[in-house]
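Have the sequence and the 3D view open as you read.

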There are 2 protein chains.
Amino acid sequence: MQKVEVQLGQRSYPIDINTGFTALPASLASARQVVIVSNPTVAPLYLAQVSALFSHPCHHMLIEDGEAFKTLNSFESIMSFLLEKGMSRDVLLVALGGGVIGDLTGFVAACFQRGVRFLQIPTTLLSQVDSSVGGKTAVNHPLGKNMIGAFKQPEHVVISTVTLNTLPEREFAAGMAEVVKYALLGDAQFLDWLIQHRELICQQHPETLAQMICHCCQMKADIVSRDETEQGDRALLNLGHTFGHAIEAFMGYGNWLHGEAVAVGMVMAAELSAHRGWLSEPQVNIVRSVLQSFGLPVAMPDQMQIADFLPFMKTDKKVKDGQMRFVLLPALGSAKLFADVTEAELLQVFS
Amino acid sequence: MQKVEVQLGQRSYPIDINTGFTALPASLASARQVVIVSNPTVAPLYLAQVSALFSHPCHHMLIEDGEAFKTLNSFESIMSFLLEKGMSRDVLLVALGGGVIGDLTGFVAACFQRGVRFLQIPTTLLSQVDSSVGGKTAVNHPLGKNMIGAFKQPEHVVISTVTLNTLPEREFAAGMAEVVKYALLGDAQFLDWLIQHRELICQQHPETLAQMICHCCQMKADIVSRDETEQGDRALLNLGHTFGHAIEAFMGYGNWLHGEAVAVGMVMAAELSAHRGWLSEPQVNIVRSVLQSFGLPVAMPDQMQIADFLPFMKTDKKVKDGQMRFVLLPALGSAKLFADVTEAELLQVFS
């Protein structure tokens with residue numbers, strides 16, 4: 001088992017990375033009230049196994065699968081379920097699923113009776129390397145993704161690479177976009193490692209996956225420990241996301257996967273960085289080819305023009321004092337937040 | 001001006017208590033994006049005055065007046081308003097109104113883009129002495145009051161006793177219930193002071209009110225500083241509330257005012273304490289008479305039996321490991337949380 005500790009003072013917590021499901025610590029296993037939130041795709045595969053980790057019977061509630069259900073409506077349904085079942089402040093909420101289930105359940109855990117216990121069991125690569133670390137929870141609003149949410153740190157994160165076996169290929173690829181993101185924003189050596197281990201990763205070699213996931217969690221944990229509420233460095237994790245969110249929103253949530261949109265967004269961030277003279281054309285091609293080698297798209301959807309991105313970018317959470325802010329790459333393996341990108345520059349680079 | 005500082009480390013904030021509206025600190029007055037949330041009762045009286053405290057134009061949104069509108073629906077409406085107006089993470093939300101507006105706006109401030117700036121301007125006595133201090137925010141669910149919420153400390157609280165002039169008599173009385181609560185749970189001398197100053201308080205003598213409000217805020221601030229998230233002492237502030245919430249819920253939110261229900265709840269807590277031999281009958285009569293002298297009810301509604309309280313008590317947020325917990329009075333001016341109150345005892349005392 002590999003272990004990463006997210007250092008956040010009193011709210012520190014461990015991430016366990018295993019190749020199978022192992023026993024939980026007693027404080028979790030013995031919880032009297034447990035509600036597992038999952039979806040109809042994941043539940044038939046892992047709900048029984050996860051329920052068996054607890055010594056008392058668990059309730060479970062399923063939310064339809066997909067980003068379209070990460071809404072205030074689903075939030076309210078879970079709240080009603082908890083109250084109908086007579087759950088108290090002692091309840092342990094367990095998120096068993098991908099980022100949608102994690103974000104939604106985490107937000108419920110943040111708000112039910114002003115905060116209850118929360119255990120994350122992320123089952124997709126994307127949620128294992130990204131959304132399950134760092135406590136960002138949210139639901140979407142028709143006018144913007146993740147606009148309603150909270151910072152809620154889980155008590156524990158349990159990752160098993162076995163759940164990746166049943167993950168559709170396209171979703172595995174989408175997760176790899178976030179893996180590549182860590183390399184691009186802060187670790188050029190890890191980029192080399194990913195290129196070298198491409199075969200083993202695509203074959204889903206358990207130990208290689210565990211090592212890769214552990215490295216990503218460690219990088220994210222370090223960033224989150226320095227900057228829990230995104231006043232500074234944490235914003236770098238949004239590399240590719242300003243473009244990516246616009247693609248997701250324009251195409252309709254769920255049509256393009258988050259990771260796919262972020263992959264294109266990272267290429268666009270690299271192109272913008274090259275236009276500023278920071279990256280060479282061969283470096284931009286490395287970004288493209290590593291993403292492509294994991295089966296990811298590297299060009300914006302045919303239906304979109306750069307002008308279509310602007311309305312979404314202007315309501316991005318990174319907007320400050322009316323100014324759009326972008327994470328760009330001053331070098332390969334190093335990212336920084338810039339507030340000086342103008343509409344004119346975007347039109348020039350991407351038209 | 002009187003001032004209370006709520007000590008919460010990095011999240012510490014001041015409460016200013018004035019007899020009129022005075023200039024805000026520059027950091028607040030100069031906010032570029034300001035949204036004032038109020039209701040149709042308060043807005044015509046104070047919205048213009050409050051808007052004038054800011055150097056940039058303010059948006060405002062009105063929510064219907066009353067506990068019935070402290071819902072996830074209203075929460076969603078405000079979220080939509082903020083996004084439609086293009087508000088960013090820099091927005092300053094201002095709650096101008098009583099507890100409903102404060103709780104609702106505070107919860108929005110906790111969740112909009114995972115947390116934005118929040119200024120409280122409580123206009124009712126109840127919210128001035130209670131809900132504006134300590135960062136508890138929430139909305140109601142059909143199955144329970146304040147079941148969905150967050151701890152969100154405001155950046156500043158501005159109290160002006162002038163807003164009490166326009167408060168209906170019944171609401172002023174309801175606020176006095178919470179004032180009396182502070183005396184009962186922790187300050188027998190303050191109980192004497194209230195009895196002595198009854199005339200000046202009922203005449204709404206501005207300096208007397210400011211002094212009284214300041215004392216309550218200080219008591220609450222001290223408790224909140226010791227125990228922000230209600231792991232211990234903060235629960236004592238719920239004196240009378242377990243009974244009170246049941247009355248409010250049974251009678252339909254808004255029919256009995258919160259303070260009226262709490263007044264009866266405190267009498268019931270005193271009667272239970274007397275039954276246990278901790279208070280004398282004359283002491284219970286002091287509790288009754290001081291509440292009555294401020295125009296408050298001291299007996300449960302005719303329509304209710306003690307059995308009607310039980311379903312609500314069992315979903316109370318203080319329930320722990322399935323056990324109801326009550327704040328009782330081991331002595332007049334001293335409160336403690338008890339987990340050993342049974343249904344049988346309740347039926348015996350109140351049937």
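## Before you start

This is a predicted model, where local features need pLDDT of at least 70, side-chain atom pairs count only at pLDDT 80 or more, and totals for chains, interfaces and linings use all residues. Residues are numbered from 1 along each chain as its sequence is written, chains are lettered from A and ligands numbered from 1 in the order in which they are written, and side-chain values use heavy atoms, leaving out hydrogens and water.

## The sheet in chain B

Helices (H or I, at least four residues) and strands (E, at least two) are DSSP runs numbered from the N terminus. In chain B, seven strands make an open sheet with mixed pairing, in the order E1-E2-E9-E6-E5-E3-E4; two strands pair if DSSP finds at least two bridges between them. Strand E1 (2-6) and strand E4 (59-62) of chain B sit at the edges with a single partner strand each, so one side of each has no neighbour in the sheet.

E1(B) pairs with strand E2 (residues 13-18) of chain B in the antiparallel sense, over five bridges. As for B:Glu5, its bridge partner in E2(B) is B:Pro14. Helix H2 (residues 43-51) of chain B packs on the sheet, and its direction makes about 165° with that of E3(B). Angles run from 0 to 180 degrees between N-to-C directions, with axes being lines fitted to C-alpha atoms, for helices over the stretch in contact.

## A helix pair in chain B

The axes of helix H6 (residues 169-186) and helix H11 (residues 258-275) of chain B come within 7 Å and cross at roughly 40°. H6(B) and H11(B) are therefore oblique to each other; under 35 degrees counts as roughly parallel, over 145 as roughly antiparallel, 65 to 115 as roughly perpendicular and the rest as oblique.

## Over in chain A

The domain assignment, which is automatic or from a database, gives chain A domain 1 (2-166) and domain 2 (169-350). The C-alpha centres of these two domains of chain A lie 25 Å apart.

Chain A also has a helix pair: the axes of helix H11 (residues 258-275) and helix H14 (residues 343-350) of chain A come within 10 Å and cross at roughly 100°. H11(A) and H14(A) are therefore roughly perpendicular to each other.

Definitions and conventions:
Contact means heavy atoms within 4.5 Å.
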